[in-house]
Amino acid sequence: MTKFIRRVFLFFALWPAFMMTSACTGEAEQRAIVVHGQGRPALWQVTGTQGNKAYIFGTVHLLPPDTRWQTPTIGKAIRQSDSLVTEVAGLDNKAAISEIFAQMGISSGLPPIAKRIPSAPVGATRAILEGIDIHADRLQKMESWAAAVTIAGAASSGLGMETSSGVESILQTIFHAAGKPHAGLETAAQQFGYFDRLPEADQRLLLAAALRSARNARAETKKMLDHWMDGRADALLVGAATGALASPKLRESLLDTRNQNWARQMSVLIDQGRRPFVAVGAAHVAGPSGLPALMAAKGYKVERIQ
């Protein structure tokens with residue numbers, strides 16, 4: 001169970017973009033995803049007043065093995081950085097993450113999952129859950145947000161995407177080998193807390209969106225990976241107008257507020273003369289409320305270098 005919870009947690013940053021997709025017809029395909037070719041994911045350079053360089057890199061936490069995303073430009077940025085900063089550090093403590101998830105996401109006396117999605121027939125909901133090898137009984141004690149992220153994580157489990165191949169895992173290995181520190185912008189409790197504090201109505205929007213997206217998880221995930229590999233950061237937010245993040249409350253809680261908090265933390269590091277390599281989920285670097293745009297609004301020189 002702890003391995004599954006960690007997988008769900010690591011899926012978190014890509015998950016908001018995954019949830020933006022509109023409903024698709026057809027059963028979920030469970031063939032492993034293969035990403036071909038050399039990628040060029042989006043990378044920004046941020047220059048501080050003292051001339052020190054920092055970097056912002058949009059990541060994917062789970063990737064198919066042998067995905068070729070590292071480039072000379074990324075390698076140079078890593079070498080010029082003095083530390084790695086990701087959304088959360090210490091993800092190897094699986095037991096702690098599982099405990100936090102259980103404390104925040106499990107409650108008694110909840111309505112059945114099917115009744116929390118009034119627009120979806122019970123039979124259709126059951127068919128979707130069985131199609132991704134997760135049954136409603138497992139979700140009954142989960143709060144709606146916890147059920148939503150569990151469904152989203154489970155939908156990716158048959159696609160051949162691994163945490164060990166994810167960008168953060170590889171970056172941590174590189175920085176550790178170079179003797180450079182690694183820090184987190186949030187704790188695990190903070191990340192889950194953004195979901196846990198959502199009103200029940202918004203949690204149910206997420207739950208419904210998770211079920212819709214699970215019906216075509218392979219195709220939607222492959223499309224997002226292609227966008228990411230090609231450096232089309234803004235394309236990850238194209239579906240926001242019709243997906244779950246069309247809700248102002250959801251977008252504010254899951255993206256905008258967190259991006260603003262991260263921009264403040266990054267500003268402190270840069271103003272201290274640090275050179276952080278900031279690697280956060282791809283959905284957090286896109287658009288006018290993304291981390292690069294927020295840093296530019298604070299007066300830093302921000303350049304897209306890949």
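This short talk walks through a predicted model, from its sheet to its helices and its aromatic rings.

Good morning. I shall begin with the sheet. Six strands make up an open sheet, and their order across it is S4-S3-S5-S2-S1-S6, with mixed pairing. Which strands stand at the edges? They are strand S4, residues 182-186, and strand S6, residues 301-304; each has a single partner strand, so one side of each has no neighbour in the sheet. On average, neighbouring strands in this sheet are turned by 25 degrees against each other, direction ignored.

Let us now look at strand S3. This strand covers residues 83-88 and runs parallel to strand S5, residues 276-281, with 4 bridges joining the two. Strand S3 is also joined to S4 by 4 bridges, and this pair too runs parallel. Please find Val85 in the structure. Its bridge partner in S5 is Val278, and its bridge partner in S4 is Ala183. For Thr86, the bridge partner in S5 is Ala279. Is S3 mostly covered or mostly uncovered? It is mostly covered, since 6 of its 6 residues are buried.

Helix H9, residues 188-196, lies across S3 and S4 and runs at about 25 degrees to S4. Helix H12, residues 248-271, lies across strand S1 (43-47), strand S2 (53-59), S3, S4 and S5. The angle of H12 to S4 is about 145 degrees.

Which residues make the contact? From H10 there are Asp202, Leu205 and Leu206, and from H12 there are Lys249, Leu250 and Leu254. By class, the residues of this contact divide into 4 nonpolar, no polar and 2 charged.

The second example is helix H4, residues 94-105, with helix H7, residues 144-155. These helices pack at an angle of about 135 degrees, and their axes are 9 Å apart. H4 and H7 are therefore oblique to each other. On the H4 side, the contact is made by Phe101, Met104 and Gly105; on the H7 side, by Trp145, Ala146, Val149 and Thr150. The contact of H4 with H7 has 5 nonpolar, 2 polar and no charged residues.

Trp145 leads us to the last topic, the aromatic rings. A pair of such rings is described by two values, the distance between the centres and the angle between the planes. The structure holds 8 aromatic pairs. One of the rings to follow is that of Trp145: its centre is 5.8 Å from that of Phe192, and the planes are at 40 degrees, so the pair is tilted. Because Trp145 lies in helix H7 and Phe192 in helix H9, the pair ties together parts that are 47 residues apart in sequence.

Are these two residues buried or exposed? Trp145 is buried, with a relative accessible area of 0%. Phe192, at 2% relative accessibility, counts as buried. The limit for that word is under 20% relative accessible area.

Finally, one aromatic cluster is formed by Tyr55, Phe57, Trp69, Phe175 and Phe277. I thank you for your attention.

Terms used: Residues numbered from 1 in each chain as written. Predicted model: local features only at pLDDT ≥ 70, side-chain atom pairs only at ≥ 80, totals over all residues. Heavy atoms only, no water. Pairing = 2+ DSSP bridges. Axes fitted to C-alpha atoms, helices over the stretch in contact; angles between N-to-C directions. Contact = heavy atoms within 4.5 Å. Nonpolar A, V, L, I, M, F, W, Y, C, P; charged D, E, K, R; others polar. Parallel < 35°, antiparallel > 145°, perpendicular 65-115°, else oblique. Buried < 20%, exposed > 50% of the residue type's maximum accessible area, 1.4 Å probe, protein only. Phe/Tyr/Trp six-rings, centres within 6.5 Å; stacked < 30°, edge-to-face > 60°.
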